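Subject: Model handover

Hi,

Here is the model for your files. My notes follow below it.

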Amino acid sequence: MLNIKKILIANRGEIALRVIRACKDLGIQTVAVHSQADEDSLHTLFADEDVCIGPAPAKESYLNIPRIIAACEISGADAIHPGYGFLSENATFADICENNNITFIGPKSDVITRMGDKANARATMKEAGVPIIPGTDILKDVDEAVKGASRVGYPVILKATAGGGGKGMRICRNENEVKTNFPLAQNEASVSFNNPNLYMEKYIENPRHIEVQIMADNYGHVLYLGERDCSLQRRHQKLLEESPSPVVTASLRKKMGDAAVRGAKSVNYAGAGTIEFLLDEDGSFYFMEMNTRVQVEHPVTEMVTGIDIVKMQILVAMGEKLSIKQHDIEMKGHAIECRINAEDWENGFVPTPGKIERLHFPGGFGVRVDSHIYTDYKIPSNYDSLIAKIIVWGENRSEAIQRMYRVLDETMILGVPTTVGFHQKILMHPTMKEGKITTKFLENVDVKDL
Ligand code: MV4
């Protein structure tokens, strides 16, 4: 058994705090790394030690591998927790950690590489017996794309193999659109990802985004911790997540959970991971992507299962066996998370960095707030606009919705516009109340009319 005594958190904001809290609960020492813009950030202040790793731009700080490794060596940390974003899915970083005798809290770098290439991930999941969307492997040229589309049937979607998260995707509804979109998508992929390779899938018109949380130890045990419904998104940014999904039945949950576990086992997965599925209107589900890290929305799963996912990530990284079995995992009640962003939702969701002039966070039964902001805190413009996650638990979905509405009413964030008002509108919307939100919902409405 590996004894991890000190963990360096290679991240910032709320997730850095989340990890620091889990370390403190386990009696593990913490090292924060921070940019010059984050000298007064809570993660810097809450950690036992802190190291400045460079100027504000992420490339020169939170994405700078040599500086993070140096900070680890100076502080004598045994392990690195990468959080989400930044270096969390960088296989080179995971490799460098292991080569320097630093435990990377996540899966092995070959798994990160395999899942980072989306055509490769598809092939791997197909091999493991996980349902995938009818489609093609990497397309050599536009002729192959046209042939692929006539086999798969229109509409189709072109995706960049190095993409993910929606970047560089193009929907094609006929042969002409394939011919015009193929070179455009290829070019977009080269510019954005330095890799022009494209593959194709049948386009599913009105899906839900349902993802399964999994947790695996280093001895081949894999658990699924139920699903999250993340269908409310804008431009591929999730805004609200809930667990369980209002449309997933116990039998569908088991089918999706078993598929996710099969996929994870087939790559000898270790640690926390998420398998994203598209759920079609007819109830079929298909593998979309795997995220090899902890996710922003992990707290909704923690609220309904009572399992501390970050603590479990650390224990598994120390070489512990999973202490629970699948039948021990019960989902109880309903949890919803609203992502509070420093954005002007009434004006195209433009980011609104600036100073928090006054702050009051909500409380009460079944309420959790994960946030790094405080009165007089200055939100830097260099990073993402997430300033708080408000999570509520209720005995059932309608109680959770009503509680969230109350909790958002108690919330007072002055100084910068935030998305609190947007969430209140969403929670009142009949489509939300009926549990009928799909990934198309925000494409079809003007937020001013909510
Ligand atoms: C799709 C799809 C429909 N059909 N693939 C968007 C993010 C990226 N991971 C894949 N995405 C999609 N892939 C097929 N074959 C629709 C989307 C999609 C989407 C998916 C999840 C959540 C929100 C979305 C918004 C638009 C498109």
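How much space lies in the second largest cavity? About 50 Å³. A cavity here is a set of points on a 1 Å grid, over the protein atoms alone, where a 1.4 Å probe fits but cannot get out. Volume means the space filled by probe spheres set on the points, with grid points joined across faces, edges and corners.

Before the rest, the ground rules. This is a predicted model, so local features need pLDDT of at least 70 and side-chain atom pairs count only at pLDDT 80 or more, while totals for chains, interfaces and linings use all residues. Residues are numbered from 1 along each chain as its sequence is written, and side-chain values use heavy atoms, with hydrogens and water left out.

**Overall**

The protein chain has 14 helices and 22 strands. These are DSSP runs, numbered from the N terminus: helices are H or I with at least four residues, strands are E with at least two. The C-alpha atoms fill a box of roughly 60 × 50 × 45 Å along the principal axes. The radius of gyration is 22 Å, which agrees with the value near 22 Å for a compact globule of 450 residues. That radius is taken over C-alpha atoms, and the globule rule is 2.2 Å times the number of residues to the power 0.38. Of the 450 residues, 58% count as buried. Buried means under 20% relative accessible area, exposed over 50%, and partly exposed in between, with a 1.4 Å probe and protein chains only. For contacts with a separation of 6 or more, 66% join residues 24 or more positions apart. Contact means heavy atoms within 4.5 Å.

**Domains**

The chain is divided into domain 1 (6-105), domain 2 (134-202) and domain 3 (208-449). The bounds come from an automatic or database domain assignment. The centres of domain 1 and domain 3 are 23 Å apart, taken over C-alpha atoms. Between these two, 32 residues of domain 1 are in contact with 28 residues of domain 3.

**Cavities**

The whole structure holds five cavities of 30 Å³ or more. Lining residues have an atom within 4 Å of a point. Strands E10 (222-234) and E11 (237-243) each give two or more residues to this lining. E10 has the largest share, with three. By class, the lining divides into five nonpolar, two polar and five charged residues. Nonpolar covers Ala, Val, Leu, Ile, Met, Phe, Trp, Tyr, Cys and Pro; charged covers Asp, Glu, Lys and Arg; the others, Gly among them, are polar.

Back to the second largest cavity. It is lined by 13 residues, and Pro-82, Ile-105, Gly-106, Thr-292 and Arg-293 lie nearest its centre. Six are nonpolar, six polar and one charged. Domain 1 and domain 3 each supply at least three of the lining residues.

**Second largest pocket**

A pocket is an open set of points with protein on both sides within 12 Å along at least five of seven lines. The second largest pocket has a volume of about 250 Å³. It is lined by 19 residues, with Thr-103, Lys-108, Asn-218, Val-316 and Ala-317 nearest the centre. The classes are 11 nonpolar, six polar and two charged. Strand E5 (103-104), strand E12 (271-279) and helix H11 (309-317) each supply at least two residues. H11 has the largest share, three residues. This lining also draws at least three residues from each of domain 1 and domain 3.

**Backbone points to check**

Most residues other than glycine have a negative phi, and most peptide bonds are trans. The exceptions here:

- Tyr-154 to Pro-155 is cis, with omega near -5°. Pro-155 lies in the loop between helix H7 (142-152) and strand E6 (156-160).
- Ser-243 to Pro-244 is cis too, with omega about -5°. Pro-244 is in the loop between E11 and helix H9 (250-266).
- Arg-235 has a positive phi of about 50°. Arg-235 sits in the loop between E10 and E11, and is exposed at 68% relative accessible area.
- Phe-349 has a positive phi of about 55°. Phe-349 is in the loop between strand E15 (343-344) and strand E16 (350-351), and is buried at 6%.

Best wishes
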